[in-house]
Amino acid sequence: MIQLLASTRSKEYPIFISEGSAAAAGSLWKSQGRRGKVVIITDGNVAGRHLGLLEESFAGSGFTVNAIVVEAGEGVKSLEQATGLYSRLFHLKTRRLDTICALGGGVVGDLAGFVASTYMRGIGLIQVPTTLLSQVDSSIGGKVGVNIPEAKNYVGAFYQPDMVVTDPALLLTLPRGQLVEGLAEVVKYCLLSGDEFFSNFEMSHQKFLSLDMAYVEPVVRRCIEYKLRVVSEDERDYGRRAVLNLGHSVGHGIEAAGNYEAYSHGQAVALGLLAAVRLSEEVFSLPADYERRLFSLLQDLDLPTGFEGIGAEAVLAAMTSDKKADDLSANMVLLKALGEPVINCDVSAGRLHLEVERLAAGG
Ligand SMILES: NC(=O)c1ccc[n+]([C@@H]2O[C@H](COP(=O)([O-])OP(=O)(O)OC[C@H]3O[C@@H](n4cnc5c(N)ncnc54)[C@H](O)[C@@H]3O)[C@@H](O)[C@H]2O)c1
Ligand SMILES: [Zn+2]
């Protein structure tokens with residue numbers, strides 16, 4: 001089993017990555033010297049597929065196990081839902097030394113992680129991510145939180161888990177659309193990592209789409225390693241961590257302008273990556289070949305290369321109200337070369353406008 005060590009200022013914790021690791025979650029937790037109760041929080045879709053495996057694993061290692069199943073979907077990332085969970089935990093007699101195991105995608109991870117960070121001022125947290133997005137992104141880095149009616153992810157904390165168990169085999173039950181969501185983030189990591197990873201993924205992505213574990217596992221691992229490196233340097237997101245926003249400023253603009261319905265996060269990020277690579281060509285003379293290669297990779301992955309039904313103006317307006325953008329031009333991450341991201345690139349509003357219009361015209 002591959003074990004990575006995440007080390008941040010606030011905590012060091014292991015990340016176990018391998019096919020079949022979920023079944024070993026209980027013994028892995030025990031080997032960390034842990035005792036007490038484990039409350040698994042999961043959603044309705046994941047419960048039917050993987051909850052039994054985790055319950056058996058923890059119970060088999062001598063832990064008292066309880067499970068709480070919430071509805072699937074972004075709607076549960078709310079303070080109301082968190083309040084309900086605090087009460088459930090209270091009635092289950094959950095105490096300081098007990099642990100929450102978040103079994104699910106980013107929604108469950110963010111919600112259950114937020115509850116773990118606040119219940120009794122913080123109890124144990126295990127992340128068992130079950131979507132590709134959560135395996136390569138949201139389960140790493142310690143951002144937990146919920147939405148408020150006005151905005152996404154506005155209430156939360158930095159709260160590192162005590163252990164992450166990443167089992168790529170859990171992806172076998174994931175609907176293809178959700179797999180593709182995560183692939184947009186994988187492509188982001190390829191561009192951030194360098195030509196070698198990009199070329200490798202470009203050549204072998206079909207193996208990922210068919211969930212050939214011998215290929216999926218090392219790719220997932222490389223993405224996690226990249227994020228870990230960045231987060232260990234900048235846990236609280238003051239600077240370096242911003243490289244992870246590659247493709248996300250235009251992406252967020254498209255997501256928000258479409259009311260989070262027209263385009264999913266992954267689709268919007270794919271479009272944002274295309275815009276970032278095009279701008280990088282202009283600003284840093286990134287070889288034009290990458291734009292062509294990215295375009296065709298996104299097509300192969302069933303990710304969009306253009307958008308419709310939303311005006312470019314609405315995208316730009318949404319970008320200016322994006323919480324991550326101090327002003328429109330300051331927040332772009334561009335690429336000097338593959339593997340050499342530059343944060344805070346100054347792109348004029350006019351230039352950006354042209355790029356967004358190009359996407360709106362279908363790429
Ligand atoms: N904390 C962070 O750093 C961070 C980073 C990126 C995204 N996020 C958050 O992550 C959330 C999105 O996460 P997501 O894309 O994983 O969505 P999700 O958690 O809603 O999961 C997507 C869907 O797949 C289902 N599902 C999950 N695992 C499955 C499996 N193995 N088999 C079958 N179905 C399965 C879920 O029930 C859900 O319907 C957003 O709320 C976003 O804000 C957080
Ligand atoms: Zn993202």
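**The ligand sites**

Modeller: Along the sequence, the donor residues of the zinc ion (ligand 2) follow the spacing E-x62-H-x16-H, donors being N, O and S atoms within 2.8 Å of the metal (3.2 Å for Na, K and Ca), with water absent, so sites may look incomplete. Those donors are the OE of E185 and the NE2 atoms of H248 and H265, at 2.0 to 2.1 Å from the zinc ion. Because E185 belongs to helix α6 (residues 176-193) and H265 to helix α10 (residues 265-284), this pair ties together parts that lie 80 residues apart in sequence. Helices (DSSP H or I, at least four residues) and strands (E, at least two) are numbered from the N terminus.

A word on what you are viewing: this is a predicted model, where local features need pLDDT of at least 70, side-chain atom pairs need 80 or more, and totals for chains, interfaces and linings use all residues. Residues count from 1 along each chain as written, chains are lettered from A and ligands numbered from 1 in written order, and side-chain values use heavy atoms, without hydrogens or water.

Now to ligand 1. It is surrounded by 26 residues, of which D43, E74, T130, T131 and T173 are the closest; to count, a residue needs a heavy atom within 4 Å. The T131 side chain places an N or O atom 2.6 Å from a ligand 1 oxygen. G106 uses a backbone N or O atom, 2.8 Å from an oxygen of ligand 1. At K143, a backbone N or O atom sits 2.8 Å from a nitrogen of ligand 1. Taken on its own, ligand 1 has 870 Å² of accessible area, and the protein covers 87% of that (Shrake-Rupley, 1.4 Å probe).

Which elements build this shell? At least two residues each come from α2 (44-60), α4 (106-118), α5 (132-138) and β8 (151-158), and α2 gives the largest share, with 4 residues.

Let us stay with that helix for a moment. R49 is located in α2, and its side chain reaches the backbone oxygen of N45 at 2.9 Å. From R49 to S7, 42 residues away along the chain, the C-alpha separation is 32 Å.

Terms used:
Polar contact = N/O pair within 3.5 Å; in protein donor to acceptor, adjacent residues only side chain to side chain.
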